[in-house]
Amino acid sequence: MNYADIKQYDVANGIGVRVSLFVSGCTHGCEGCFNREAWDFNYGKPFTDDDIDRIIEYLKPGYVAGLSLLGGEPMEPQNQKGILPLLRKVHDTYPEKNIWMYSGYLYEDIMGRMCEESEISKEIMSYIDILVDGEFILARKNLKVNFRGSDNQRIIDVKKSIEAGEIIHWEGEKV
């Protein structure tokens, strides 16, 4: 897996100060995408164990709320094998920190087909606290919605949704 960027301090992609990993590679091709260069799976740099260690170090301060995964597309099958070791290590090292993931795939597709076909997808989702799902739709771009680019995207509390067996929207904001 390649990555486009690692931001040590990010306040735009989740609650609080966060560390954000922007993976490379996306097949959605959303018109108006803010990170179009990251569609290319070969864009950026190879994601290594040293990058995982750097992210773990960036997450260390108490004021850092957690990790955000963006793209590109973290749930592309080619990227899942790259982010899984990171998620394991973040979870083991900082179980109190939350993990947000942005995906153009819908929650129903991830938890249905993707998790049924792949144990990796299933394990990844076990570490995700909040999922911002759905493709960016330029015609629905809305600068008034927090943590999303277009108002079709949902902010889903993954843990509560799994427990309830239905989609539970994140309570931090009325969606």
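Colleague: What is the relative accessibility of Glu123, which counts as partly exposed?

Modeller: This is a predicted model, where local features need pLDDT of at least 70 and side-chain atom pairs count only at pLDDT 80 or more, while totals for chains, interfaces and linings use all residues. Residues are numbered from 1 along each chain as its sequence is written, and side-chain values use heavy atoms, without hydrogens and water. Buried means under 20% relative accessible area, exposed over 50% and partly exposed in between (1.4 Å probe, protein chains only). For Glu123 the value is 24%.

Colleague: Which residue forms a salt bridge with Glu123?

Modeller: A salt bridge is a side-chain nitrogen of Lys or Arg within 4 Å of a carboxyl oxygen of Asp or Glu. The N to O distance here is 2.7 Å, and the partner is Arg88. Helices (H or I, at least four residues) and strands (E, at least two) are DSSP runs numbered from the N terminus. Glu123 is in helix H4 and its partner in helix H2, so parts 35 residues apart in sequence are tied together by Glu123 and Arg88.

Colleague: How far apart are the closest N and O atoms of Arg154 and Asp133?

Modeller: Arg154 is buried at 18% relative accessible area, and Asp133 is buried at 0%. The closest N and O atoms of Arg154 and Asp133 are separated by 2.5 Å.

Colleague: Which strands do the buried residues of H3 pack against?

Modeller: Helix H3 spans residues 107–117, with Tyr107, Ile110, Gly112, Met114 and Cys115 buried. Contact means heavy atoms within 4.5 Å. Besides helices H2, H4 and H5, these residues pack against strands S5, S6 and S7.
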